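User: I would like to go through the labels attached to this model and see what each one rests on. Please set each value against its cut-off.

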Amino acid sequence: MKCPHKLDADVVRYVEYYGDLMRRALKGVMNSSKHDGLFGPSCLDHTSNLIAVYGSPTINGTSFGQSLGDWYFNHTGRNDSQLLDDCGELPCNHSHPCTSAIR
């Protein structure tokens, strides 16, 4: 599927700005000692299809559902499950057709 939007320079700058704010906020969760779970795919459409069995974003091969189960049921033995895409300033998770258009 092709990206339905034209991604001009203003859109790219806003995505960079939003991404920077989001990474800063999520690092606070990752540095917390509260054992909070986190699933943070770096994609443009990260909220509409997280729990779908097929086609949802993954991080290092792990889906949101798997990550949630690992955290809730303590499958990791650490009582946490924190996955965050770390790919720089622009979205990199290829679950959305516009990801390649913005890079």
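Analyst: A contact here means heavy atoms within 4.5 Å. On that basis, 61% of the contacts in the chain with a separation of 6 or more are accounted for by residues 24 or more positions apart. Note that the model is predicted.

User: What is the order of the elements from the N terminus on?

Analyst: The elements run α-β-β-β-α-β-α, and the secondary structure comes to 3 helices and 4 strands.

User: Why is S63 called buried?

Analyst: Buried means under 20% relative accessible area. S63 has 15% relative accessibility, so S63 counts as buried. The residue sits in strand β3, residues 62-63.

User: Which residues does S63 touch, leaving out those up to four places away in sequence?

Analyst: S63 touches F39, S56, P57 and T58. In the chain as a whole, buried residues make up 29% of the 103 residues.

User: Why is C87 called partly exposed?

Analyst: The relative accessible area of C87 is 23%, so C87 is partly exposed. C87 is found in the loop between β4 (82-84) and α3 (99-102). C87 and S42 are 45 residues apart in sequence, with 7.7 Å from C-alpha to C-alpha.

User: What makes D10 and R13 a salt bridge?

Analyst: The criterion is a side-chain nitrogen of Lys or Arg within 4 Å of a carboxyl oxygen of Asp or Glu. The N to O distance for D10 and R13 is 2.3 Å, so the pair meets the criterion. Both residues lie in helix α1 (residues 9-30), 3 residues apart, about one turn of the helix. R13 counts as partly exposed because its relative accessibility is 48%, and exposed would need over 50%.

User: How do you know that D20 and R24 form a salt bridge?

Analyst: The closest N and O atoms of D20 and R24 are 3.0 Å apart, and the cut-off is 4 Å. This pair also lies in helix α1, 4 residues apart, about one turn of the helix. The structure holds 2 salt bridges.

User: Why is R24 called exposed, and why is D20 called partly exposed?

Analyst: Exposed means over 50%. R24 has 57% relative accessibility and therefore counts as exposed. D20 has a relative accessible area of 28%, so D20 is partly exposed.

How values were computed:
Residues are numbered from 1 along each chain as its sequence is written. This is a predicted model: local features need pLDDT of at least 70, side-chain atom pairs count only at pLDDT 80 or more; totals for chains, interfaces and linings use all residues. Side-chain values use heavy atoms; hydrogens and water are left out. Helices (H or I, at least four residues) and strands (E, at least two) are DSSP runs, numbered from the N terminus. Buried means under 20% relative accessible area, exposed over 50%, partly exposed in between (1.4 Å probe, protein chains only).
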